Amino acid sequence: MNPQELIQAAIEQARAALALDEVPIGAIVYHEPTQRIIGRGYNRREIDEDPTAHAEIIALREAARELKSWRLIDCVLAVTLEPCPMCAGAIVNARVARLIYGCADPKAGAVRTLFRLCDDDRLNHRVAVEDGILAEECAELLRSFFRAQRAIGKK
């Protein structure tokens, strides 16, 4: 799958979050040797009442279960929004080979915007990063969600 197809699959996950009135962020883990998606996730913080229920964490957990290993060395993580510090740390710790994401996160982005956790030379693993894939579509999902939330007095 090419980067656009991977992000499109992550956008489908983001739409699932949107349908549940969660912040529309989606992620998938693609296993390159088998050429299939082995992990899927979308934001579930409200539903699960869990501050760690980010799309990336859920997708990484599912992929690790599928591979029966915490090491996701042959995997690509595609996510609609630049990962936060928690998720960027999990990506590095999982040994993900490559990260692809849609739009930047000016408030919490820990891959390129505020920090550079995924390619920091001081860490024992570095992740190849490709950003800006279908960025406008990813950003518009978030903008329209928060516009609607403000209109009804939420978030």
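1. Salt bridges first, since they come up a lot: one is a side-chain nitrogen of Lys or Arg within 4 Å of a carboxyl oxygen of Asp or Glu. Arg112 and Asp119 make such a pair, with their closest N and O atoms 3.0 Å apart. Arg112 is partly exposed at 26% relative accessibility, and Asp119 is partly exposed at 23%. (Buried is under 20% relative accessible area, exposed is over 50%, and partly exposed is in between, with a 1.4 Å probe and protein chains only.)

2. A word on provenance. This is a predicted model, where local features need pLDDT of at least 70, side-chain atom pairs count only at pLDDT 80 or more, and totals for chains, interfaces and linings use all residues. Residues are numbered from 1 along each chain as its sequence is written, and side-chain values use heavy atoms, with hydrogens and water left out.

3. The structure holds 12 salt bridges. Which parts does the one between Arg98 and Glu32 tie together? Arg98 lies in strand E4 (residues 98-103) and Glu32 in the loop between E1 and E2, so this pair links parts 66 residues apart in sequence. The closest N and O atoms of Arg98 and Glu32 are 3.4 Å apart. Arg98 is partly exposed at 23%, and Glu32 is partly exposed at 36%. (Helices are DSSP runs of H or I with at least four residues, strands are runs of E with at least two, and both are numbered from the N terminus.)

4. Glu140 comes out partly exposed at 33%, and Arg143 is partly exposed at 36%. There's a network here too, with salt bridges linking Glu136, Glu140, Arg143 and Arg147.

5. Now strand E1 (residues 26-31), where 6 of the 6 residues are buried. In a regular strand, side chains alternate between the two faces of the sheet. For E1 both faces are covered: Gly26, Ile28 and Tyr30 are buried on one side, and Ala27, Val29 and His31 on the other.

6. What does E1 pair with? E1 runs antiparallel to E2 (residues 36-42), joined by 6 bridges, and antiparallel to E3 (residues 75-81), joined by 5 bridges. (Two strands pair if DSSP finds at least two bridges between them.) Val29 has Gly39 as its bridge partner in E2 and stands opposite Leu77 in E3. E1 and E2 form a hairpin with 4 residues between them, and Gln35 in the turn has a positive phi of about 55°.

7. Have a look at Glu22, in the loop between helix H1 (3-19) and E1. Is Glu22 buried or exposed? Glu22 counts as buried, at 2% relative accessibility. Leaving out residues up to four places away in sequence, Glu22 touches Ala17, Asn43, Arg44, Arg45, Glu46, Ile47 and Phe145 (contact means heavy atoms within 4.5 Å). A polar atom of the Glu22 side chain lies 2.6 Å from the backbone nitrogen of Ile47.

8. Finally, the structure holds 1 aromatic pair. Phe145 and Phe146 form this pair, edge-to-face, at 5.0 Å centre to centre and 80° between the planes. (Rings of Phe, Tyr and Trp, the last by its six-membered ring, pair if their centres lie within 6.5 Å; planes under 30 degrees apart are stacked, over 60 edge-to-face, and the rest tilted.) Phe145 is buried at 3%, whereas Phe146 is partly exposed at 28%.

Definitions and conventions:
A polar contact is a pair of N or O atoms within 3.5 Å; within protein, one must be able to donate a hydrogen and the other to accept it, and residues adjacent in sequence count only if both atoms are side-chain atoms.
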